[in-house]
Amino acid sequence: MRKCQRLSTKFKRPRKSSTVKKSKKDKRRNHRGVDKQMKFSILSKGDKKSNEIRTKIKSYLTEFKLEYDEEEPDLAISVGGDGTLLEAFHTYVHRLDQTAFIGVHTGHLGFYADWMPEELEKLIIEIARTPFQVVEYPLLEVIIRPKSGEEEDRYLALNECAIKTSEGSVVFDIDIKGDHFETFRGDGLCISTPSGSTAYNKALGGAILHPSLEAIQIAEMASINNRVFRTIGSPLILPGHHTCLLKPLNERSFLFTIDHITRTYKDVKSIQFRVAKEKVRFARFRPFPFWKRVHDSFVSDDYSS
Ligand code: NAP
């Protein structure tokens with residue numbers, strides 16, 4: 001099973017805005033000059049091409065006197081695909097206010113990994129020479145509360161949290177902002193972030209949300225709708241100040257998939273979702289509008305801006 005970091009319930013309050021900003025580190029670099037160089041780490045998908053690019057980036061950035069530091073990087077570079085960037089995110093989920101992310105895609109164009117291998121030289125020079133700006137995207141907070149008095153578990157998702165069971169269907173009472181909304185019976189539910197709306201959520205018929213929106217989206221997986229069971233049947237988009245609470249009505253063990261990571265939970269009392277206080281920060285060296293990425297990924301590559 002891949003690495004997944006459960007978060008303590010105590011955390012630093014991050015910045016609120018989701019607009020483009022200069023990173024704190026850049027200011028330090030500007031004020032202190034070359035003595036205090038930026039620290040970086042690189043996570044590769046592990047295939048030959050990604051490993052070669054990883055080696056190349058590491059050697060060039062080290063030549064530029066940037067420091068390689070896997071423990072406390074200012075910039076985490078993922079080389080592979082969006083899946084690799086999800087791994088990088090979960091590696092540094094405990095220090096999101098200090099680590100920014102950037103992704104090189106060694107396959108087709110990605111949503112998070114939006115630099116291509118042919119742009120490598122430009123990217124390396126940008127990282128080495130220029131202060132970077134950051135763009136912040138909202139995250140999903142998931143809190144799983146057990147029936148016993150044990151401590152609750154808290155996770156952050158960059159894409160989504162999907163809940164299913166291997167024991168038939170799930171049955172949940174769904175409360176939204178403290179009021180009962182519906183009783184869901186079906187294969188499961190997918191609660192996604194705006195940047196995750198192009199992933200699993202899209203395959204479930206959910207809407208694509210621009211990541212500047214502070215929201216989460218609930219998409220159904222094969223709900224049972226008949227005279228006995230009735231659900232809304234369409235995806236719901238909740239604003240930042242609304243909480244969604246699921247209360248299991250059958251004794252099932254649940255499969256939680258948080259991005260690429262799967263966990264099983266038994267005896268669950270409730271699961272709470274909302275927009276997290278933390279944000280993910282992407283290093284931005286050139287504009288690449290979200291709708292262009294959507295167009296290029298799902299429509300065609302002839303987008304004219
Ligand atoms: P995977 O099953 O190996 O790959 C899932 C695919 O989703 C990959 O092609 C990945 O792109 C792409 N992807 C990831 N994040 C995306 C995003 N925000 N927007 C658009 N596409 C995105 O699994 P994985 O690589 O470990 O990634 C886990 C993710 O898979 C989950 O977070 C979930 O969103 C997604 N997933 C999708 C479905 C579905 O669409 N039916 C079902 C299960 C899970 P790359 O090729 O660039 O890595």
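**Around the ligand and inside the cavity**

Okay, let's start at the ligand: one of its nitrogen atoms has a polar side-chain atom of Thr198 lying 2.6 Å away. That's a polar contact, meaning a pair of N or O atoms within 3.5 Å. Before I go on, this is a predicted model, where local features need pLDDT of at least 70, side-chain atom pairs count only at pLDDT 80 or more, and totals for chains, interfaces and linings use all residues. Residues are numbered from 1 along each chain as its sequence is written, and side-chain values use heavy atoms, with hydrogens and water left out.

Back to the ligand. A polar backbone atom of Gly83 sits 2.9 Å from a ligand oxygen, and one of Ser195 is 3.1 Å from a ligand nitrogen. There are 18 residues around the ligand (a heavy atom within 4 Å), and those that come nearest are Asp82, Gly83, His105, Glu160 and Thr198.

So what does the UniProt "active site" annotation cover? Asp82, according to an unreviewed entry, and such annotations may be inferred rather than shown by experiment. Asp82 lies in helix H3, residues 82–91 (a DSSP run of at least four residues). Skipping neighbours within four places in sequence, Asp82 is in contact (heavy atoms within 4.5 Å) with His105, Gly110, Phe111, Tyr112 and Ala113.

On a 1 Å grid over the protein atoms alone, a cavity is a set of points where a 1.4 Å probe fits but cannot get out, and lining residues have an atom within 4 Å of a point. Searching the whole structure turns up 1 cavity of 30 Å³ or more. The largest cavity holds about 50 Å³, counted as the space filled by probe spheres set on the points. Its lining includes Ile174, Glu182 and Ser234.

Definitions and conventions:
Helix = DSSP H or I, 4+ residues; strand = E, 2+ residues; numbered from the N terminus. 1 Å grid on protein atoms, 1.4 Å probe; cavity = no way out; pocket = protein on both sides within 12 Å on 5 of 7 lines; lining within 4 Å. Polar contact = N/O pair within 3.5 Å; in protein donor to acceptor, adjacent residues only side chain to side chain.
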